[in-house]
Amino acid sequence: MGFVIAVPTENKEAYREMADTAAGVFKKHGALSVVEAWGDNVPEGKLTSFPMAVKLEPGETVVFSWIVWPSKEVLETGNMAAMNELEDTGVMAAHLFDGKRMIFGGFETIVEA
């Protein structure tokens, strides 16, 4: 499962802390790995780009994240359990980014080197 979001640059450390905690929860529920990548070379495109996709505003940075699950079944049960736990514990702080501009989806691995 992958995500692209816009995060206010001033929230970098708070977002990193939240993401680190969330990664532990996802792994507890079966995720193999969690990657959170803070944009440092994300150019604006002419037709498409990460900044355009998330409607990046001044003072924001693009974050690209993905979670690797061992199977679709584990993803479906583990992701739901993790999201419920994160919501119940208040870890997912809505003030850190605008979830309405998040892009996400699941992907099937076809090449891994």
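Is K28 buried or exposed? K28 is exposed, with a relative accessible area of 56%, where exposed means over 50% relative accessible area, buried under 20% and partly exposed in between, computed with a 1.4 Å probe on protein chains only. The structure shown is a predicted model, in which local features need pLDDT of at least 70 and side-chain atom pairs count only at pLDDT 80 or more, while totals for chains, interfaces and linings use all residues. Residues are numbered from 1 along each chain as its sequence is written, and side-chain values use heavy atoms, with hydrogens and water left out.

**Close-up A. Strand β1 and its pairing with β3 and β4.** Strand β1 covers residues 2-8, and because six of its seven residues are buried, β1 is largely enclosed by the rest of the structure; helices (H or I, at least four residues) and strands (E, at least two) are DSSP runs numbered from the N terminus. β1 pairs with strand β3 (residues 60-68) in the antiparallel sense over seven bridges, two strands being paired if DSSP finds at least two bridges between them. Within this pairing, A6 has V62 in β3 as its bridge partner. β1 also pairs in the antiparallel sense with strand β4 (residues 103-105), here over three bridges, and F3 stands opposite F104 in β4.

**Close-up B. The salt bridge between E13 and R16.** A search of the whole structure finds four salt bridges, each defined as a side-chain nitrogen of Lys or Arg within 4 Å of a carboxyl oxygen of Asp or Glu. In the pair formed by E13 and R16, the closest N and O atoms are 2.7 Å apart. The two residues lie three residues apart in helix α1 (residues 12-28), and so are separated by about one helical turn. E13 is partly exposed, with a relative accessible area of 42%, and R16 also counts as partly exposed, at 44% relative accessibility.

**Close-up C. The salt bridge between E85 and K28.** The closest N and O atoms of E85 and K28 are 3.0 Å apart. This pair links distant parts of the chain, with E85 in helix α3 (residues 72-89) and K28 in helix α1, 57 residues apart.

**Close-up D. R101 and D98 in a salt-bridge network.** The side chains of R101 and D98 meet in a salt bridge with an N to O distance of 3.1 Å. Salt bridges that share partners join E60, D98 and R101 into one network. R101 counts as buried at 13% relative accessibility, whereas D98, at 30%, counts as partly exposed.
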